[in-house]
Structure formats: structure tokens, C-alpha cells
Amino acid sequence: MWRLNIADGGNDPYIFSTNNFVGRQTWEFDPDYGTPEERAKVEADRENFRKNRFKVKASSDLLWQIQLEEKKKRKRIVKEGKKIVKALKEKNFKQTIPQVKVGDDEEITLEATTRAVRRGAHFLSALHASDGHWPAENAGVLFLFPPMVISLYVTGHLNAVFPAEHRKEILRYLYNHQNEDGGWGLHIEGNSTMFCTTLSYICMRILGEGPDGGEDNACTKGHKWILDRGGVTFIPSWGKTWLSILGVFDWAGVNPMPPELWIIPSFLPIHPENFFCHSRMVYLPLSYLYGKRFVGPITPLTLQLREELHTQPYHEINWKKVRLLCASEDLYNPRYLIQDLFWDSLYIFAEPLLTRWPFSKLREKALQTIMKHIHYEDENSRYITIGNMEKVMCMLACWVEDPEGDYFRKHLARIPDYIWVGEDGMKMQGFGSQTWDTSFSLQALLACDITDEIGPTFTKGHDFLKKSQVRDNPSGDFRSMFRHICKEAWTFSDRDNGWQSSDCTAEGLKCCLLFSMMPPEIVGVKMEADRLYDAVNIIFLFSKNGGLSAWELAGAPQWLELLNPNELFADLVIEHEYVECTASIVQALVLFKKLYPNHRKQGIEDAITNAVQYIEDTQIPDGSWYGNWGVCFIYGTYFALEGLAAAGRTYDNCLAVRKAVVFLLESQQDDGGWGESHLSCLNKKYIPLEGNRSNLVQTGWALLGLICSGQAGKDPTPLHRAAKLLINSQMEDGGFPQQEITGVYVKNAMLHYGAYRNVFPLWAIAEYRRQVPLP
């Protein structure tokens, strides 16, 4: 049975941490773990997901919750050489507060609302881990695991890293998320794409399935989908790269990724220093692999895949002609003539020159420079790197450089940090969301006003945030390595990751400020003022024009987006400013200013003023805001309203607030909730869920937005309707059911935030109870 380990570094000599692994969450298969009843429940949950996989495509984290359900103590003996460690595990949650249901003709009472809040708070409190964070899935993107499998297959480490039980769960995940047409989408709710269908098919074949194998003929269906659309020559550029690495494609059919970009003068606009950090960290190792023209060992499986995936004999393919091919299902980012001219120039003129002496010496220097950057990034992120795609590529580059080296072994030690196991199988997370989820969980629980009942949860959560704050800047001359200050920032995941994030810093800061106003005997010792000051300094890093970016200061020329080499994602080349980040930081700065009025007083006032102006200026005519990190206009509008309210903007004194309220009220469904399709993110216009269904997380966002706008003083009826839906949807255990996916990354990659379903509906009910008069 699978078990989630918390803050555990294991015994690998190649792993290290800055805070004793606080925040680390890793899954382990233990054949002796669990009672017969628990194992039977796991199998029942898996079967139930399989039967309903086309109705609800995101998992409910039931394998993690099983560890909390029954009150019992279990002792486990773990042998570590001669050392014996006794680990005491206690599962002690059982919901004892009676469930609440409000009839159609009934009014919501304070007593009923209080009971729903207490039920939800006790359940959410039980979900937090021993180190104080809230473990939860952050996955849903389907192009992350196959590259890891390909890399481990190429390097010969597949079976060592993913033994039989791992491979079984990886296959389960692929089977569960195959679309009815036989393909796989970019994410679990997406339409099939050539990119993910090809990678998923290859993944199944590497894991041992035959061309006609797989559950419910998964391989046969996937293979047919690929061939029906012209074969893998139509895979987009990232796919062409991975197939070339595997030996199923030829580098001659791939657009150039010249390593020399990394040694051109930094004042040039196309220098990678100006790129969005995630793009920079993807194309850093990709440039190395391209410059090396690395191809893994050609195995019998490689030769079989060449025959299976192409519509003509492999050695007859004209690689130059297929270089720019892309299936229509994958082409989201439009192509421009300047793009084709740019890539053609590199392909026809630059590459033949740079691969011949004496210019090949320049390439050698560029490759050395790239590896210097890779090793720097690896060390400063404890080999977690900034994200999954980046990690896999950096890991492979380290192996290509030195197959027996310590760099590669340190990468292997951190693979478990990206693994998550649910009832739908084993998936690869884009990155963990430990700090992000914990900050919101704590704020939701604080809104419940039952500190006397769940005080220890606040103590542990506060301690987690203090231990997760990044304590040092990147090592050495970090600016020459295109990094920035990060001392006292918070990351999206844990401290070891090391990458500062503006909104994560804002939400972490907000929590610590709120705890500083509470008795230390309940929440622990408050954070030192100097650490709070440094966190504010980090926030100023992200602001130039009023709006706030996510990881680094925005400011590179917008025209660089015309050179976006990726067909799958838009706005990927440079960093941008986001309304959600901006709104989070407004809230944090307003609270900080209240508690520390003399620290950087003028600078903070100016930052708030400029940020509010940015929020108002970016409002869409229909009254909404586009959400960049959640689905979509409801998410953006919720954050915008929270930010405006923190700055003193109300329905009465702010036109933007009034327009936002109109948008939310007009999009409320008949059942009192809100529901928005992920297609809104792609099409950049509001699209309701099919059948005008409501989504409880989005209903929570909308209700929170309306409450902070002052709707209760205008007409509380829409608030009562939304609250009734949320209260009546609460499950027996106090949580809320999993529904549609609600997170997003770069517009086209939907993310499943497993924690959201138990955080935002509860938070909304709690604020409703606090701010709306009830009988």
C-alpha cells in the first residue's frame, strides 16, 4: 500500500536540504502497510474513479486521506542497516459534528452556518501534515511524466527509480486519462493532442506494453489516433526534441536551439537573460542537448517505435520538410512570418557554420557555459530546479556530460519530490504547491473564528511558514547567473526549491502578519521584524509599472513574444504582470503598513497606489479580470476585488468594483453557484461550464469577491443562494466533492490543485458567517 512520507530525506547520500526537509512530501510503497479493510477501500476508490473517469477527471486525494480516517495507532519497524527506527503513526480524525442541510424554502441560520464552518474547519485541520503544511496534488498536465520515463530509459536507470509498483501506477494514470477518441490531451480535461498522445504511447511501450497492449486496448487506440493524423512528423517542437533524444526522430527535423545564445552580449534583447525564467530554464538544457545532437542508445524498442509512429519508412523521411509541421490539434500559439524567417535563417545559414571549424570552437565554449549555468541552478535549488520540465532536461544534460558523475546522482535523489499518487494512479507534478496551499488553508481557518478548537494547527502552520522562508540569496555572483535576490521570500513549494515568487511571498507574509497579532501561546513566537522587512523588499523587486510579475521583474520587449518557438503555449518568452500577483501584494502591503507604519512608508504607499491603478486599468469591459493562474475570469475577478477592497475601494467609491459586481451577479447560475469552463483561459472570453453547472471552488471565489465588495449591504440574496449551495454540498466528512479542474499555467496547461476543494468553499462560508447578518 502507498504511504505519504513527510519531511523525510531518506538515506540517500546525494540529497541535502536547507531546513531538514520541512515541506518535502514523498510517496513510498510498503507491501506491509495498511489493514485489509484499508487496502480494500483503496481498490474500491480506484475502481470508482475508473468507472466515473469521464465525469470527474481529477482525483480526490483519497489515498492521502485514507491515512487520516480511522482512529488507531500503528507501530512500524524500519531497519536502516544496524539502526532500528520506531515510527509512531496516528490516524485520529473522525467527523463528529452533525451534517447540515438547508431546505429550499428555509432561511440559512447562524447556527447552521456555524456548524458547517466547524465541520469544514476540523476536516481541513486534520489534513495538515506533521511538519505543518497541507499535502495535496498539484498535477493534471500530461506531458510531464513521459519525458522523465524517456530520460531514465535512455540513461539505463528506469527500473531502479521506478520499480514494478511505480510502473503499475504510472500505467494506471495513463489508462485513466486516455480520452474516448484514443488520444491524450495536454491536461486531463483537454482534447487530444499529437504531443501528449505520442508521448503517452511511447511511455506505455517503454513501461512494457506491446503495440496492441494496455488496458482497454489503450496502445491500439493511441497508435491509431497518431497515424490517423499523419504520424509523429506532425508533433510540435518539444515533441520533436524528445523523439530525437530517444532516436525516433532526427535532429535534422528540429528547429535550431543554438547554444551560442548563452554567450552573446547580454545587452542584446534576444539574450536569454530577458526570457521568462521557466522558458529560460527549459531552453538552457535543451540548447545543450541540441548542441550535442544527443541521441540515446538505439534499442530494439527504438527501432520498433520508428516503424510504428511514422507513416513512411524512417530512412526515407525528408527531415528538412517536416521541421515546421504541427498538427492542428496542437497549434495554439499562432505562427508569424518573422518566426519562420528567424528559424529558417538559423537552420540554413547559422547551424552549418557553427558546427564547422573554427566556429565549432565557439559552440564548445557555449556548451561549457550552459553546463556552468545548469550546475549553478541545480545546486541552488537542491536539484529540485524551478519545475518538472526543467528538472528532467537538466538531469539528462548532467548525465550526457558525465554518466557516472555526482551531479546526475543528486538529480536522481530528488525525483520523488515530483511524484504524487492518487486513486487515479501515479502522476508527475509540475512542482509542489506546499507553501501556496498552506497559506490559503491557514487564512481559511483563521476566517472560521474557532481558534480555541484548532489552535495547534495554527502553531504548526505558522512554524512551517517560518521554516519555509528562504533565508539566503543564491550563492556567489548570482546576478551574472540571471538570478535575483530571494532572501526572506517564499517559494511556491518549499524552501529547498529556492525560487522566489511574488504572490507566494505576499500570501506567506500576510499569514505571518496575521499571526503576529495573535497570542503567542496559541500560534507560537511571531516572526522577527527584520525578516518581515526583507520580505517586503522582495515584493518591491517585482514592481515596475504598478503591476506585479510572478518570479522576476517584467520589462523585456514585448516583441520577443513574436519569436515564441513553442506551438503549444502563448506568452511564454518573457515575464508578464498579473492581476492576481498584484492583488495579493496589495493586501500584504496594506496589512504590513498598518502594523509597521514607519517602514518604507512612502515607497509602500506609492506601490499600493500604482498597484491599484494597474488593477483598475486592466479590467475588461464586462467588469471581469482575466485570471492567469486559475480558471479564469471568476478567479481574476475574485483576486482583483480582494486587492481593491484592501486598498479601501468599495462599491460606492469605485467604478471598477461596481462593474465587477455586475459581472459576478450576471454570471451566477440558477442553483446559486458559479461555474466557468477552462476553455475561457484559451479563448480569453468567459465560457460557462457545459450545462450551466456550478463549481464549488469557483462559487467560493465569487462569493468571497462579492462579500468583500460590500454586496451584503446592497442585496444579500445572491450571497444567501451561494452559501446555501456550498453548505448543502458539504460531504459527510466535512470536505467538499472534487469537480472540474480550476488551476492553469500559461493559458493552455490546466493544473489540478487538490487542496482547493476543501479550502475556498470553507473560506467563503466562513466569511459569509462573519460578514453577512444571519438569524
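Author: A nonpolar core is a set of buried Ala, Val, Leu, Ile, Met, Phe, Trp, Tyr and Cys residues joined through side-chain atoms within 4.5 Å. Buried means under 20% relative accessible area, exposed over 50%, and partly exposed in between, with a 1.4 Å probe and protein chains only. This is a predicted model, in which local features need pLDDT of at least 70 and side-chain atom pairs count only at pLDDT 80 or more, while totals for chains, interfaces and linings use all residues. Residues are numbered from 1 along each chain as its sequence is written, and side-chain values use heavy atoms, with hydrogens and water left out.

Reader: Which residues touch the most other members of the largest nonpolar core?

Author: The largest nonpolar core holds 235 residues. Apart from it lies another core, of 6 residues, among them Phe-275 and Leu-560. In the largest core, the residues that touch the most other members are Phe-143 and Phe-760.

Reader: Which residues does Phe-760 touch, not counting those up to four places away in sequence?

Author: Contact means heavy atoms within 4.5 Å. With residues up to four places away in sequence left out, Phe-760 touches Phe-440, Tyr-638, Val-697, Gly-700, Trp-701 and Leu-704.

Reader: What is the radius of gyration of the protein?

Author: The protein has 29 helices and 13 strands; helices (H or I, at least four residues) and strands (E, at least two) are DSSP runs, numbered from the N terminus. The radius of gyration is taken over C-alpha atoms, and the globule rule is 2.2 Å times the number of residues to the power 0.38. For 775 residues that rule gives 28 Å, and the protein comes close to it, so it is as compact as a globular protein of that length, with a radius of gyration of 26 Å.

Reader: What percentage of the residues is buried?

Author: The C-alpha atoms fill a box of roughly 80 × 60 × 55 Å along the principal axes. Of the 775 residues, the buried ones make up 63%.

Reader: Where is the cis peptide bond that has an omega of about 10°?

Author: Pro-358 lies in the loop between α13 (337–354) and α14 (360–380). The cis bond joins Trp-357 and Pro-358.

Reader: Is Phe-21 buried or exposed?

Author: Phe-21 lies in the loop between β1 (2–6) and β2 (25–29). Its phi is near 70°, a positive value in a residue other than glycine. At 12% relative accessibility, Phe-21 counts as buried.
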